[in-house]
Amino acid sequence: MKLDLSGLEPATLHQLSNDNLCDVFSPTPSFEIPNDADFDGFQKAAVQMVKPAKGTTTLAFIFKEGIMVAADSRASMGGYISSQSVKKIIEINPYLLGTMAGGAADCQFWHRNLGIKCRLHELANKRRISVTGASKLLANILYSYRGMGLSVGTMIAGWDETGPGLYYVDSEGGRLKGTRFSVGSGSPYAYGVLDSGYRWDMPVEEAAELARRSIYHATFRDGASGGVASVYYVGPQGWKKLSGDDVAELHFNYYPVTENVVEQEMVEVTA
Amino acid sequence: MARYDRAITVFSPDGHLFQVEYALEAVRKGNAAVGVRGTDNIVLAVERKSTAKLEDSRTVRKIVNLDNHIALACAGLKADARVLINKARIECQSHRLTVEDPVTVEYITRYIAGLQQKYTQSGGVRPFGLSTLIVGFDPYTGAPSLYQTDPSGTFSAWKANATGRNSNSIRDFLEKNYKETAGHETIKLAARALLEVVESKGNNIEIAVMTRDKGLRQLEESDVEAIVAEVEAEKAAAEAAKKAPTPRD
């Protein structure tokens, strides 16, 4: 049977007559290619323009009592703040957390997908998946989409049989095991505060305050971070949300406004 | 279009899959294999049909490694075994690569059984003609396990089991005489079970022991002979004790 390949022909406007005079009315539709000597460079620049720049601050660190995970809650589109109340710490399951940096849709979808895979692993193997395994599943998926425009910079934090586990996974396919990470445009500021205040044997409250302060300082200096600083703790029983404070309120908590002392008041002098 | 309707496994009117049952027949004709689980080790003992004089017996290994902590023995078509073992070995490594953890014994057994089942429900292929005994230690809990799969694709865990020739007699013996053992006692129990159906002379038995720390250890022929001699001596002593007149006070 001869296949009908007419759909693959280049689209042409219907020609009423084969007059040479009508040639001008039936050009094949096409788009213009930019007049650029360096077309590949132009393509790269176009991709860069579309690629979101991971405007956010997230951090996570392991300490003696477990793992502390914290993030801001601002979503920005260029200079426009599209939301101050984004949930950037994603609850994959009761003992695994993921953080969101980069494309919100990408992070939310793939974390949800990871949650499904973790549950299937549990059902098939009658035991929870390890943090190593979960992060590797996500990293393999992201690697297979490499170069297709996914933007994900996430940390997978959890508690499994071997204790606390923290991995950084990104859309370039990278995966790193570590004890302290911060991801996003505000991460340099967060690292400054986090690295200088970090001690292995902090109690939980001190670690939470360190995480909160690091996020606050990042939101103070980075325009793409702000909103609410959420802090989660991951322990042997799973994760627990510790606090969610508006960073503006935190600012006035840390740096209260002092009343200026007035030495002399100007008084009207009667003539 | 390629026609795949030759040799598919189809149901008979009374609900049997004859190809699978014929595969089980092939297993019943294969060499006997016994597996016994101890508290700190698992022993596999396999009947070895006497090798020809010119044959290098070291190349005819019946008990193989699937990974550092998992071993397999089988009864049935040895060529089918080779294919299944290769696929299982690849899956063990692939699992290590994707989740950075070694497989559990249950996982790889489920994989092998799944493969065997797939071949009972595909066009143009016949089922694998072998039953396997899979042993190993759980990499997390350290618990020893023994699993068996068969050509239909079912699998289950056992304390001790046998497959291949005369497996029913061996299993009867094990049911009567199994108890929790460890170390050397487990090896002797496995050897005794196999010797129920296999002649003890002439290098007929291959024994391998899986331990948590050292992995799979194939016993040398001299060690096997020593164990067989020990078992035979114990059997003789038991026989003599039975025959001896009971002392009266």
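Before you click: residues are numbered from 1 along each chain as its sequence is written, and chains are lettered from A in the order in which they are written. As the model is predicted, local features need pLDDT of at least 70, side-chain atom pairs count only at pLDDT 80 or more, and totals for chains, interfaces and linings use all residues, while side-chain values use heavy atoms, with hydrogens and water left out.

**Stop 1: the interface**

Select chain B together with chain A. Now pick out B:Thr98, B:Val99 and B:Glu100: they supply 46% of the area that chain B buries against chain A, more than any other three residues.

Next, go to B:Asp138 and A:Arg127, whose side chains meet in a salt bridge at 3.4 Å, N to O. The count between the chains is three salt bridges (a side-chain nitrogen of Lys or Arg within 4 Å of a carboxyl oxygen of Asp or Glu). Helices are DSSP runs of H or I with at least four residues, strands are runs of E with at least two, and both are numbered from the N terminus.

**Stop 2: A:Lys126**

Stay in chain A and select A:Lys126, in the loop between helix H2 (104-125) and helix H3 (131-144). Its phi is positive, about 60 degrees, although it is not a glycine. At 72% relative accessibility A:Lys126 counts as exposed; the cut-offs are under 20% relative accessible area for buried, over 50% for exposed and partly exposed in between (1.4 Å probe, protein chains only).

**Stop 3: B:Asn166 and helix H4**

Back in chain B, B:Asn166 sits in the loop between E8 and H4. This non-glycine residue also has a positive phi, near 55 degrees, and at 38% relative accessibility it counts as partly exposed.

Carry on into H4 (residues 167-177) and colour its buried residues: B:Ser167, B:Ile170, B:Phe173 and B:Leu174. Seen down the axis of H4(B), they fall within an arc of 125 degrees, so they line one face of the helix; the arc is that of the directions from the helix axis to the C-beta atoms. That buried set packs against strand E1 (33-37), strand E8 (160-163) and helix H5 (184-195) of chain B.

**Stop 4: B:Gly35**

Select B:Gly35, in strand E1 of chain B. At 0% relative accessibility it counts as buried. Leaving aside neighbours within four places in sequence, its contacts include B:Val43, B:Leu44, B:Leu133 and B:Leu146.

**Stop 5: B:Arg48**

Finish at B:Arg48, in the loop between strand E2 (41-47) and strand E3 (63-67) of chain B. Is it buried or exposed? At 5% relative accessibility, B:Arg48 counts as buried. Not counting residues up to four places away in sequence, B:Arg48 touches several residues, among them B:Ser57, B:Asn203, B:Glu206 and B:Glu221. For a distance check, B:Val198 is 150 residues away in sequence from B:Arg48 but 9.2 Å away in space, C-alpha to C-alpha.

Key
Contact means heavy atoms within 4.5 Å. Buried area is the accessible area (1.4 Å probe) that two parts lose on being put together, summed over both.
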